[in-house]
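Biologist: I am new to this structure. Could you walk me through how to read it?

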Amino acid sequence: MTILSFKASYQRPKIVAGDLRTPVTFFEFKPTNGPDPSDEEKSELYKCTCLAYNPSMKDREILDATGTKEAITIKIRDPYTDYLASNKHKAVLDDYRYKNKVWDVIDVVPDLENNDFVKIILGVSS
């Protein structure tokens with residue numbers, strides 16, 4: 001009888017907590033109860049930090065189909081049922097480079113490499 005030796009080695013995760021540096025707020029607009037039906041108020045849905053980076057070639061294919069003139073891809077920790085991202089939502093990144101920009105959620109993709117994260121493609125439509 002032989003005993004198989006198993007050598008486990010630690011592999012550092014690709015994304016760690018220190019990489020999630022950019023605060024992001026997801027929201028949607030809801031009609032108000034006021035007399036003017038065109039009035040809308042901002043309803044905050046979820047706040048967290050994210051890893052923001054330039055879209056990949058696969059992401060750009062999605063963006064080309066939607067007529068997006070500027071885009072960014074973010075990864076957030078999977079909030080499970082606390083927040084389910086939708087393409088009806090909008091986002092604001094709290095970063096001086098993206099000041100006063102309201103991003104549309106273009107696509108939401110669960111990160112299949114690491115189930116702890118969700119990849120969200122944000123864009124400003126033309």
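**Reading the model step by step**

Biologist: Let us start with a charged pair. Which residue forms a salt bridge with Lys30, and how far apart are the closest N and O atoms?

Modeller: Keep in mind that this is a predicted model. Glu28 is the partner of Lys30, and their closest N and O atoms are 3.8 Å apart. A salt bridge needs a side-chain nitrogen within 4 Å of a carboxyl oxygen, so this pair passes. Lys30 itself is partly exposed, at 38% relative accessible area.

Biologist: How many salt bridges does a search of the whole structure find?

Modeller: The search finds five. Take the one between Lys101 and Glu70, with 2.5 Å from N to O. Lys101 sits in the loop between β4 and β5, while Glu70 belongs to strand β3, so the pair ties together parts 31 residues apart in sequence.

Biologist: What does Lys90 pair with?

Modeller: Lys90 forms a salt bridge with Asp104, and the closest N and O atoms are 2.5 Å apart. This pair links distant parts of the chain, with Lys90 in strand β4 and Asp104 in strand β5, 14 residues apart. Lys90 is partly exposed, at 23% relative accessibility.

Biologist: How do I read the strands around that pair?

Modeller: First the general idea. Strands of a sheet pair through backbone hydrogen bonds, either parallel or antiparallel. Now the case here. β4 and β5 run antiparallel and are joined by two bridges. Lys90 has Asp104 as its bridge partner in β5. On β6, Asp104 stands opposite Gly123.

Biologist: How many bridges join β5 to β6?

Modeller: Six, and these two strands run antiparallel. A hairpin of six residues connects β5 to β6. One of the paired positions is Val108, whose bridge partner in β6 is Ile120.

Biologist: Let us step back. What pattern does the protein follow along the sequence?

Modeller: The pattern reads β-β-α-β-β-β-β. That is one helix and six strands.

Biologist: In what order do the strands run in the barrel?

Modeller: The order is β1-β2-β3-β6-β5-β4, in a closed barrel of six strands with antiparallel pairing. From one strand to the next, the twist averages 45°.

Biologist: How should I think about the side chains on such strands?

Modeller: In a regular strand, side chains alternate between the two faces of the sheet. Next, look at the core. The largest nonpolar core here has 18 residues. Val24, Phe26, Ile74, Ile76, Leu93, Ile120 and Leu122 have the most contacts inside it. At least two core residues come from each of β1 (22-31), β2 (40-53), β3 (68-77), β4 (90-93), β5 (103-110) and β6 (117-125). β6 gives the largest share, four residues.

Biologist: Which residues is Ile76 in contact with, leaving aside neighbours within four places in sequence?

Modeller: Ile76 contacts Val24, Phe26, Cys48, Thr49, Cys50, Asp116, Phe117, Val118 and Ile120.

Biologist: Now Lys75. Is this residue buried or exposed?

Modeller: Lys75 lies in strand β3. Lys75 counts as buried because its relative accessibility is 12%, and the cut-off is under 20%. Beyond four places in sequence, Lys75 touches residues including Ile15, Leu20, Tyr53, Asp111 and Lys119.

Biologist: What about a loop residue? Where is the place of Tyr98?

Modeller: Tyr98 is in the loop between β4 and β5. Its relative accessible area is 18%, so Tyr98 is buried by that cut-off. Not counting residues up to four places away, Tyr98 touches Ile72, Leu93 and Trp103.

Biologist: Let us finish with totals. What share of the residues in the protein is buried?

Modeller: Buried residues make up 32% of the 126. The accessible surface comes to about 9,200 Å², and carbon and sulfur atoms hold 50% of that surface.

How values were computed. Residues are numbered from 1 along each chain as its sequence is written. This is a predicted model: local features need pLDDT of at least 70, side-chain atom pairs count only at pLDDT 80 or more; totals for chains, interfaces and linings use all residues. Side-chain values use heavy atoms; hydrogens and water are left out. A nonpolar core is a set of buried Ala, Val, Leu, Ile, Met, Phe, Trp, Tyr and Cys residues joined through side-chain atoms within 4.5 Å. Buried means under 20% relative accessible area, exposed over 50%, partly exposed in between (1.4 Å probe, protein chains only). Contact means heavy atoms within 4.5 Å. Two strands pair if DSSP finds at least two bridges between them. Axes are lines fitted to C-alpha atoms, for helices over the stretch in contact, and angles run from 0 to 180 degrees between N-to-C directions. Accessible areas come from the Shrake-Rupley method with a 1.4 Å probe; for residues, only the protein chains shown count as cover.
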